[in-house]
Amino acid sequence: MSGMHNKSKIVMTSLLLSFGLSAAALASEPLATTNDENYDTLKSEINELRDQIAIMQELLKQQSIVLQNKVEPEVSKAEIKKLKKDVKKVAKLAKSAEEWKNTNSTVHLAGYASVGFSKQAGANGSFSQAQFSPIFHYQYKDKVLLESELELKILPDGSTSVGMEYLTIDLILNDYMALIAGKFISPLGQFRQNIHPSWINKLPSAPVGFGHDQAAPVADTGIQLRGAIPMGDSDMRANYAVYVSNGPELIPEGSEIEEIATEGVARDQDGKKVYGGRVGFNPIAKMEIGLSVASGQAAIALESARSYNVLGADFAYQWEKLDLRGEYVQQKVGALSSSVAPESWKWSSWYMQGAYKLPNNFEAVARYSDYDSPHASQDQRQLAIGLNYLFAPQVITKISYEFNDGLAGTSAAANRIRAQIAYGF
Amino acid sequence: MRIYKIAYFAIALTALAIIATSPGTAMAKDVKPDAKNNAEVVKDTKGDFVRGAKLWANRCSACHNMRDPKDLTDSEWEATLMHMRIRAGLSGQDTRDILVFLQKTN
């Protein structure tokens, strides 16, 4: 750029100089005499000057053309420089993206959250739920997955509870088997392990009997083997999960066992393990039938162990806009004469649910569930109907009404209306 | 409690059968397909788009609403599918097939 400026400066100065010189020359002529001879010389000198000016104008014109031509390539050079810079930048970005793609490990945050309102007949309605369940995934190649779900929720008094829903380190042993170790959701049945997350559950509540410390085991601590069962080239599929765990603890009240605590304790007071598993079979696409069984021993703290058995069956079927599923589960504790609660006890529950996708992202749901506890005050039958609107497949607003039938005067008896927004990510 | 014993026995037997019949570890990234392997084997350790699309349609709406492949990036799908593989009891091959489908359509 500055080179060009210098050149044009030189040209300009030389032009001005020659004008100046010519003018000086003219001025130095004695103009006092005005005879014809003088007039003629003056005239011819003026003509000569005119010619010179014309030549100079021409020169100037040419010079400016040259200058213009020179400007062009210099600008594009700058552009090229900038382009080169950009290309370098892009290449660097592409490389880093590539690096990211090829790392051995991946960190991924998933999970879900839900907020809700509920009102039971005869009581005040309240915004009763705010729950956040982040799920952390740390994956190493396709060999290892660490999965952990926390459960943070606000309690009625405004304080927050933090729970570890599960934490397992999963080692992929081969194409058909993974070892899962840690605290896991009970692999028995389908509701607890597959349906309970709020963005998956089509109703704002769990079926009666499938909540915490009811008929269905919730979690356990131990090790699990799970995977697919080879089925050759057929379209059928089958899967299994088998585990050994600490098992549950029995909570007495008076001469009864109040509940079986299946939250996945990290101790084994009775020293006796529980063994169990589930086999799932898909005879056709979009249908699964599952059978679950677990057996072992469990105890009231400081007592000796007694038998503990679980039996379950579940099915799920999707057909066009219809989603049907159902499940039965029972937990049984054997008699023990030396116990404060010597009898044998059985909790059982089942549900059947149908959901139908309506036009415009609406969905209708109905579920019937029946919970039989050894304690009459806990027995409950429930019909829940609901209408959902799907903002997205994983963002669901739900409104439901629960017709409850239980022991009169207990909370199991009153009907309830619920609303919920659930978001899975 | 005979029913438990029978069910137990069945589960134990299934588990044993699986351990006995499982091919050795076959993980996509670890397998270095050598020239002698036939095309089928090489293809199998990778994942097949068409099979993946079909399996995705058949398997991925069994428990929850179908998720849009565009929800997640390639590497997020890797972690998520490993999660689903364990949750749903998918075979390694089915997982690789579905992964290829999701990563090509996201």
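## Chain B: fold pattern

Along its sequence, chain B of this predicted model reads α-α-α-α-α. The chain has five helices and zero strands.

Chain B has 106 residues, and 43% of them count as buried. Take the contacts in chain B between residues at least 6 apart in sequence: 67% of these join residues at least 24 apart.

## Helix α3 of chain B

Helix α3 of chain B spans residues 49-59. Which of its residues are buried? They are B:Gly52, B:Leu55, B:Trp56 and B:Arg59. These residues lie on the same side of α3(B), because they cover an arc of only 105° around the axis.

What do the buried residues of α3(B) pack against? Their partners come from both chains. From chain A come β7 (237-245), β10 (274-282) and β11 (287-298). From chain B come α4 (74-88) and α5 (92-105).

Two cysteines of chain B show why. The closest cysteine sulfur to that of B:Cys60 is in B:Cys63, at 9.6 Å, so the two are too far apart for a bond. A disulfide needs the sulfur atoms within 2.5 Å.

The cut-off for buried is under 20%. B:Cys63 is also partly exposed, with a relative accessible area of 27%.

## The largest pocket

The largest pocket holds about 1200 Å³ of space. Its lining consists of 46 residues. The closest to the pocket centre are A:Gln129, A:Pro204, A:Ser205, A:Ala206 and A:Arg418.

Which elements give two or more residues to this lining? They belong to chain A. The strands are β1 (105-120), β2 (126-140), β3 (144-154), β16 (380-392), β17 (395-406) and β18 (416-424). The helix is α3 (191-195) of chain A.

By class, the lining of the largest pocket has 22 polar, 16 nonpolar and eight charged residues.

Definitions and conventions
Residues are numbered from 1 along each chain as its sequence is written. Chains are lettered from A and ligands numbered from 1 in the order in which they are written. This is a predicted model: local features need pLDDT of at least 70, side-chain atom pairs count only at pLDDT 80 or more; totals for chains, interfaces and linings use all residues. Side-chain values use heavy atoms; hydrogens and water are left out. Buried means under 20% relative accessible area, exposed over 50%, partly exposed in between (1.4 Å probe, protein chains only). On a 1 Å grid over the protein atoms alone, a cavity is a set of points where a 1.4 Å probe fits but cannot get out, and a pocket is an open set with protein on both sides within 12 Å along at least five of seven lines; lining residues have an atom within 4 Å of a point. Grid points are joined across faces, edges and corners, and a volume is the space filled by probe spheres set on the points. Helices (H or I, at least four residues) and strands (E, at least two) are DSSP runs, numbered from the N terminus. Ala, Val, Leu, Ile, Met, Phe, Trp, Tyr, Cys and Pro count as nonpolar, Asp, Glu, Lys and Arg as charged, and the others, Gly among them, as polar. The arc is that of the directions from the helix axis to the C-beta atoms. Contact means heavy atoms within 4.5 Å.
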